[in-house]
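Colleague: Could you take a close look at one part of this model and then work outward from there? Please spell out the cut-offs as you go.

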Amino acid sequence: MITTGNTQPTSWQWRQRVKVPFIDLISPYRDLKTELDEAYFRFMESARYVLGREVEAFEKDYADYCGSAHCIGVANGLEAMHLVLRAWAIGPNDEVIVPSNTYIATWLAVSSAGATPVPVEPDSCTYNIDPNRIEAALTPRTKAILPVHLYGQPADMDPIMEIADRRGLRVLEDAAQAQGARYHGRRIGGLGHAAGHSFYPTKNLGALGDAGAVTTDDSELAERIRILRNYGSKTRYYNEVRGFNSRLDEIQATFLRVKLRRLDAWNEKRRQWAACYSEWLSMVPDLVLPKEPKGTEAVFHLFVIRHSHRDELAASLKNAGVGTLIHYPVPPHMSDAYQDFGWRQDAFPVARSLADSVLSLPMHPYLELSQIKHVLNCIKNYSSASKKWSKQQKSN
């Protein structure tokens, strides 16, 4: 664990010089420039630009990494989940259990297949779907459960799989934010019947554009997805079904192969920074910090805190040069995209409470200790100032 030591800066001027952007996408390229440039030229010289050797090689590498029999590269994470649902023949008149607290892409995958998302509230400690609430949401139309490993924290998969096995349901992991995370020693992406992965540039394993994949141990499912992603065809011009154009770009596979070799080291760095945040922020009142349940190994795609005055805290950090984001300010059930479902805004109070209080702090492998110290001090200074102001108000 990295210890922060004395985090008190020597002067206001020192604090002003430190800038902490929320994300850093240029440092990974500079770090891997030689390898990425070599990979680019190898790709250009291959003259195989769609579904070539680089995609095949990445699919093998990533399947091995996740502990899955198969990996199928697709265009993005949303398409990965959508194609799995299509391959399972889940569509109109079917229901899929989804978390009420997630990025809307999870719900959109279900809607794209023609099925109905059925929200289930999260556990208030992990922010992932609460297995204890799932059975109450099941109906005869339920065909699958779609847990999300939100913020890089594995969902509680054992009870979810037990429910699915007992009720004859499929389980599709949304693994977009948790490449490399472990649940009781096993990597996510190999825990359900299938998993959808996103390699959007900001992810722990990020491409240099949109990219995604499906992992599964089901050989028949893997073959169906390979056909669906390529216009419904195994052989050019002979189309077996009405498919889609959802192929992993060859050049993105080329870059992902390079970056996959660094993923574990990057994830370990994220865990070190998360431990650093947690150690010092535990002394700050009014903050709720991430919790890592026993048997899980989170990879901290995001480090998400909660605060009752989230917006004021975010503004204070912005003024001090610290970038933050909210993941996510609008729960899917409150978005315009799903207003036709007629849900009341308070239909899912846990999700709404999270949306009103969560704040994501800077988190990526290329942070520096001085930047972490600056974030910690800014939060502590805000807390002290807020406490002083509150006392003054009470005395008045």
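Modeller: The face of helix 3 that is turned away from its buried side carries the exposed residues T34, E38, F41 and E45. Exposed means over 50% relative accessible area, buried under 20%, and partly exposed in between, with a 1.4 Å probe and protein chains only. Helices (H or I, at least four residues) and strands (E, at least two) are DSSP runs, numbered from the N terminus. This is a predicted model, in which local features need pLDDT of at least 70 and side-chain atom pairs count only at pLDDT 80 or more, while totals for chains, interfaces and linings use all residues. Residues are numbered from 1 along each chain as its sequence is written, and side-chain values use heavy atoms, with hydrogens and water left out.

On the buried side of helix 3 are L36, A39 and F43. Seen down the helix axis, these buried residues fall within an arc of 60°, so they line one face of helix 3; the arc is that of the directions from the helix axis to the C-beta atoms. They pack against helix 2 (26–31) and helix 10 (250–260). Contact here means heavy atoms within 4.5 Å. Helix 3 has 14 residues, 33–46, which at 1.5 Å a residue should span 20 Å, and its end C-alpha atoms are 20 Å apart, which agrees. The expected span is 1.5 Å times one less than the number of residues. After helix 3 comes A47, whose phi is positive, near 60°.

A positive phi also turns up at A89, which is not a glycine, with a value of about 60°. A89 sits in the loop between helix 5 and strand 2 (95–99), and at 64% relative accessibility it counts as exposed. Y127 is a residue other than glycine with a positive phi, near 70°. Its place is the loop between strand 3 and helix 7 (134–137). At 3% relative accessibility, Y127 counts as buried.

Y127 also belongs to the lining of the second largest cavity, together with C125, T126, Y151, Q153, P290, K291, F300, L302 and V304. That cavity holds about 100 Å³ of space. Its lining divides into seven nonpolar, two polar and one charged residue. Nonpolar covers Ala, Val, Leu, Ile, Met, Phe, Trp, Tyr, Cys and Pro, charged covers Asp, Glu, Lys and Arg, and the others, Gly among them, are polar. On a 1 Å grid over the protein atoms alone, a cavity is a set of points where a 1.4 Å probe fits but cannot get out, a pocket is an open set with protein on both sides within 12 Å along at least five of seven lines, and lining residues have an atom within 4 Å of a point. Grid points are joined across faces, edges and corners, and a volume is the space filled by probe spheres set on the points.

There are four cavities of 30 Å³ or more. The largest cavity contains about 130 Å³ of space. Of the 15 residues that line it, the closest to its centre are P28, P201, K203, R270 and P365. By class, that lining has seven nonpolar, four polar and four charged residues.

Of its 31 lining residues, Y103, S198, Y200, K203 and Y328 are the closest to the centre. Helix 5 (77–87), helix 6 (105–112) and strand 8 (194–198) each supply at least two residues of that lining. The pocket lining consists of 16 nonpolar, 11 polar and four charged residues. Y328 is joined to H327 by a cis peptide bond, with omega about 15°, and is found in the loop between helix 12 and helix 13.

Helix 13 (residues 349–357) has V350, A351, L354, A355 and S357 as its buried residues. What covers them includes strand 14 (303–307), helix 12 (310–319) and strand 15 (358–361).

With 1% relative accessibility, P117 counts as buried. Not counting residues up to four places away in sequence, P117 touches V96, V98, W107, V110, S111, Y338, F341 and W343.
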